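Colleague: Could you walk me through the aromatic contacts in this one?

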Amino acid sequence: MKRGLICLLILCLMLPLAALAEGEEQVWELVTEDGRVLTQLTYEPETGDEYLAGDNTLYVVVRVEGNRAVAQSQGMVALPDVAWLDSDAALAVSAMGDKRIAMYCTHSDESYEPSDGTYSSNDRGSIYEIAEALAAALEEDGVSATVADTLHHPHDSGAYRRSRQTAVELLRETAPDALLDIHRDGIPDPEQYQTTIGGRECSKIRLLVGRGNQNMEVNKDFALTVKAVADKLYPGLIKDIYMGKGVFNQDLLPKSVLLECGTYTLEKELVMRSMPLMADVLYRTLYGGVTGSAGTVSDSRSSGQNRASNDGITPGATDVPVNAEGNDGSMTGILWVVGLFIVGIIVYGVLAAGSMRSGVRKAGRHLSEMTGGLIGKKPEEGENPEHSGKEE
């Protein structure tokens, strides 16, 4: 009985910390050295991150001060040449045989508050409707588009570990030309995503590339080409590109990218309108040729599409059994150790984040990740949980 009470006390010490990490939205501002706000982020920036703005100015994060990341301009960047778009004879990147694109949703709870009445679903978020709309538009262009319906709850820092299993399965079953992780952003200002293209209101799309994997350069080139094609066909569709510290499972396949399709305060219908445009951009980027009302699809394809070998890829997480044997004195000792451990995590988080509030959030995320999501509640309907799950 006493042992059970001690274990309950340990959980009581840990739960408030993890709940704070999961229960509150955290937004970082990306600013220039003179304080001009470039954009907002809901994944923690780090020194060395790169940001390509909509006007193709490149910025590099030089320091992080609390909830502000200061970025230094590197000047304008020349995007890849996409002159081949004007001809259905020349293809930028092509593939022999079937054309395949695979999609999944790491944050399977994500929804659109104005349309769904909730920020986060306890079941299947409406982000899957966005992925399926993109897949349907790709199918019309002759692409075999697969959307995995696997859920990866809860929305925490372990979501990418769980979605990795889904991504590996998609690669083995479909051998896709590209792998897309479909998200919606968590920044509160809908105007950062709302736009008008061809006289119709719709949503911008942000591309996210992880810096922490061996495919970073080819994934970056892929994202830059996507933006170049979109800028030519549908100016304003691609909001920007952020190259952050994470892996985002993009080490599994070259031509992997994360798509932020609008934000939670934007109407879902505006995001849906952007999906046919994004499908056209993806098709042209990967396969060249002319599609839709612009002309007919070119059938001249050549081999050479690079694919990663997926044999032997397994999630890195393992379960470590805990020895429950011992007397009351040893359990009391464990309680002291756990308490000191929690304090140590908090101190580390404060020192790393520069503030008590950010430090507690960081510590809570570490606890959530170490317990595989067991510590820390899943966001309830209508809550605005922290979107820091974009981090790994």
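Modeller: Here are the ring pairs, then the charges over rings. It's a predicted model, so local features need pLDDT of at least 70 and side-chain atom pairs count only at pLDDT 80 or more, while totals for chains, interfaces and linings use all residues. Residues are numbered from 1 along each chain as its sequence is written, and side-chain values use heavy atoms, with hydrogens and water left out.

Colleague: How many aromatic pairs does the structure hold?

Modeller: Rings of Phe, Tyr and Trp (its six-membered ring) pair if their centres lie within 6.5 Å; planes under 30 degrees apart are stacked, over 60 edge-to-face, the rest tilted. On that basis, the count is six.

Colleague: What kind of pair do tyrosine 119 and tyrosine 264 form?

Modeller: Their centres are 4.5 Å apart, with 70° between the planes. Planes over 60 degrees apart get their own label, so this pair is edge-to-face.

Colleague: Is tyrosine 264 buried or exposed?

Modeller: Buried means under 20% relative accessible area, exposed over 50%, partly exposed in between (1.4 Å probe, protein chains only). Tyrosine 264 has 5%, so it counts as buried.

Colleague: Why is the pair of tyrosine 283 and tyrosine 287 called tilted?

Modeller: Both of these tyrosines are buried. Their ring centres lie 5.3 Å apart, and the pair is tilted because the planes are at 55°.

Colleague: Which residue lies over the face of tyrosine 119?

Modeller: A charge sits over a ring if NZ of Lys or CZ of Arg is within 6 Å of the ring centre and within 35 degrees of the ring normal. Here the distance from the ring centre is 4.3 Å, and the residue is arginine 184.
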